[in-house]
Amino acid sequence: MRILVVEDEEVLAQALAEALEGEFYAVDLAPDGQTASELADVNEYDLIVLDWTIPPPTGIELLRSWRGQAKDTPVLLLTARSANGGSRR
């Protein structure tokens with residue numbers, strides 16, 4: 001199984017990748033939306049772990065674009081946003 005982890009916080013991205021690789025998944029990392037878009041264009045992923053608040057395009061913009069292109073890869077969308085609309089940044 002091949003997974004794309006899209007996360008701009010390097011420590012969190014590495015921790016996710018190490019945990020997934022420890023379970024024998026192949027993992028690619030993207031620190032921003034542009035890199036994620038490029039990787040998703042040339043690779044087929046079984047799952048994408050996507051941070052909402054990455055450098056442009058944002059996670060939600062990427063997801064909308066992929067769905068608009070009929071890409072149906074399962075996506076786990078991560079966010080640190082609170083219920084009142086706040087953000088971690």
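Across which strands does helix 2 lie, and at what angle does helix 2 run to strand 2? Helix 2 (residues 33-42) lies across strand 1 and strand 2, and its direction is at about 140° to strand 2. The model discussed in this report is predicted.

## Overall architecture

The protein contains three helices and four strands. Along the sequence these elements follow the pattern β-α-β-α-β-α-β. Of its 89 residues, 33% count as buried. Among contacts in the protein with a separation of 6 or more, 66% are accounted for by residues 24 or more positions apart.

The four strands form an open sheet with parallel pairing, in the order 2-1-3-4. Strand 2 (26-30) and strand 4 (75-78) are the edge strands, each pairing on one side only. From one strand to the next, the twist averages 15°. In general, the strands of a sheet pair through backbone hydrogen bonds, in either a parallel or an antiparallel arrangement.

Strand 1 (residues 2-6) pairs with strand 3 (residues 47-51) in the parallel sense over four bridges. Leu4 has Ile48 as its bridge partner in strand 3. Strand 1 also pairs with strand 2, again in the parallel sense, over five bridges. Here the bridge partner of Ile3 in strand 2 is Val27.

## Helices against the sheet

Helix 1 (residues 10-22) lies across strand 1, strand 2 and strand 4, and runs at about 170° to strand 2. Together with strand 1 and strand 2, helix 1 makes a right-handed β-α-β unit. Helix 2, as noted at the outset, lies across strand 1 and strand 2.

## Nonpolar cores

The largest nonpolar core has 13 residues. Those with the most contacts inside this core are Leu4, Val6, Ala36, Ile48, Leu50, Leu62 and Trp66. Strand 1, helix 2, strand 3 and helix 3 are the elements that each give two or more residues to the core. Its largest share, four residues, comes from helix 3. A second, separate core of six residues includes Ile3, Val5, Ala17 and Val49.

When residues up to four places away in sequence are not counted, Leu4 touches Asp28, Leu29, Ala30, Ala36, Leu39, Tyr45, Leu47, Ile48 and Val49.

Leaving aside residues up to four places away in sequence, Leu47 touches Arg2, Ile3, Leu4, Thr73, Pro74, Val75 and Leu76. Leu47 and Val27 are 20 residues apart in sequence, and their C-alpha atoms are 9.8 Å apart in space.

## A buried glutamate

Glu7 is located in the loop between strand 1 and helix 1. With a relative accessible area of 3%, Glu7 is buried. The side chain of Glu7 reaches the backbone nitrogen of Glu9 at 2.9 Å.

## Backbone geometry in the loops

Most residues other than glycine have a negative phi, and most peptide bonds are trans.

Phe24, in the loop between helix 1 and strand 2, has a positive phi of about 70° although it is not a glycine. Phe24 counts as exposed because its relative accessibility is 76%, and the cut-off for exposed is over 50%. Ala70 is placed in the loop between helix 3 and strand 4. The phi of Ala70 is also positive, near 65°, in a residue other than glycine. Ala70 has a relative accessible area of 65% and is therefore exposed.

Pro57 is found in the loop between strand 3 and helix 3 (59-68).

Terms used:
Residues numbered from 1 in each chain as written. Predicted model: local features only at pLDDT ≥ 70, side-chain atom pairs only at ≥ 80, totals over all residues. Heavy atoms only, no water. Pairing = 2+ DSSP bridges. Axes fitted to C-alpha atoms, helices over the stretch in contact; angles between N-to-C directions. Contact = heavy atoms within 4.5 Å. Buried < 20%, exposed > 50% of the residue type's maximum accessible area, 1.4 Å probe, protein only. Right-handed = clockwise from strand over helix to strand, strands pointing away. Core = buried A, V, L, I, M, F, W, Y, C linked by side-chain atoms within 4.5 Å. Polar contact = N/O pair within 3.5 Å; in protein donor to acceptor, adjacent residues only side chain to side chain.
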